Amino acid sequence: MTEREIAFLQSLDKVVDSCTKKSDDFKILPTFNENVLVLDGLAKSMHHKIQDLELNDHDYSKVKNLSKFKMIAETLSHAALILAYAGVNRSFVVPNAAKVTTTSLSRLRENALADVCRAVLNICIQMEAELSPFGLTKEGTTTLEGYITDFEVKLIGSPEYNASNNSIKASFKSDYDQAEDILTNTLDPLAELLKKTNPNAYSEYWQMRKIVLPGSRTMALKGRTVNAATGDAVQGATITLVKTDTGETNKKAGGSELDKGVKRSTEKGGFQFQTLASGTYTLTAAKAGYTCQPMTVYVNDGEMTAVEIRMVKL
């Protein structure tokens, strides 16, 4: 969601709450309270759609992780054939692509991981005759290729996932446009009629109606720490965020959130950083018993960046 959409929804919640509590002040205005009820329904609908997007992202991450670990397992199986062949034939020139482990593959960025797995597949295809006595089969290479292709598709989002997200976003935009139209073209003009007769109600309405857009992001970055193998939340991980596009290490940026430098993931693995300046950041997560490579994240004004940190249990 954009900064404008989030700020608008926050303002809408305040307007609905204030006008509902003081409905007697507005009942003299034709259709005012009726439209507040409509806005209440639209606000609830918009909140539900935000939750649907978050749930959709979480569910899809679990599906993608399952695809990832199937690919890793099959890749390790095929790499083992190459290493066995090299050992039996006393070959000291083993392709680097075959020297993989569960840990080394899990630490790779996902785009690089798919490339490494495909490199192992290509070696197996090229050495089909040599590796056949060691257990290589066409069915096996076909299975590995299928897992790699499936994972690559999931990296960019399946058609179903993308269609679902786009549908939710379009529905949210429809609610947003309808709410903005009611406020701008109905409630705002009606509220003006109270300027002289009920200045307190008039003043409070416009105070709630104010849309506050911070200089930089509110809720600029949010994410979850999860167990890479199971997708379960990792609680109590130490999250560190450092701005890196200035070339300076540990540079403070964007205000008080980065003055602390660290956060801790909640019971459900969640964490968030607010009021960040736009730019490039390095995000790391640490907890005893887990490994996790630093990841690069990008924060843009007017947009919220969402990430999932997959931590490998030792």
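Reader: Which helices do the buried residues of α10 pack against?
Author: This is a predicted model. In it, the buried residues of α10 pack against α1 (3–21), α2 (23–26), α3 (32–88), α8 (159–192) and α9 (194–197).

Reader: And which residues of α10 are buried?
Author: Ala201, Tyr202, Tyr205 and Arg209, in a helix that runs over residues 199–209. These four lie on the same side of α10, because the arc they cover around the axis is only 100°.

Reader: Ok, cores. Which residues touch the most other members in the largest nonpolar core?
Author: Leu12, Phe26, Phe32, Leu39, Leu183, Leu187 and Tyr205, out of 26 residues in that core. At least two residues each come from α1, α3, α8 and α10.

Reader: Which helix gives the largest share?
Author: α8 does, with eight residues of this core.

Reader: What does leucine 12 touch?
Author: Leaving out residues up to four places away in sequence, leucine 12 touches Leu39, Ala43, Met46, Ala179 and Leu183.

Reader: What other core lies apart from that one?
Author: One of 22 residues, including Ala97, Val100, Leu121 and Leu131.

Reader: Switching to cysteines. How many disulfides in the whole structure?
Author: Zero, from a search of the whole structure.

Reader: Is cysteine 19 buried or exposed? And cysteine 124, buried or exposed?
Author: Cysteine 19 has 1% relative accessibility, so it counts as buried. Cysteine 124 is at 0%, so it counts as buried too. The cut-off for buried is under 20%.

Technical notes
Residues are numbered from 1 along each chain as its sequence is written. This is a predicted model: local features need pLDDT of at least 70, side-chain atom pairs count only at pLDDT 80 or more; totals for chains, interfaces and linings use all residues. Side-chain values use heavy atoms; hydrogens and water are left out. Buried means under 20% relative accessible area, exposed over 50%, partly exposed in between (1.4 Å probe, protein chains only). The arc is that of the directions from the helix axis to the C-beta atoms. Contact means heavy atoms within 4.5 Å. A disulfide is a pair of cysteine sulfur atoms within 2.5 Å. A nonpolar core is a set of buried Ala, Val, Leu, Ile, Met, Phe, Trp, Tyr and Cys residues joined through side-chain atoms within 4.5 Å.
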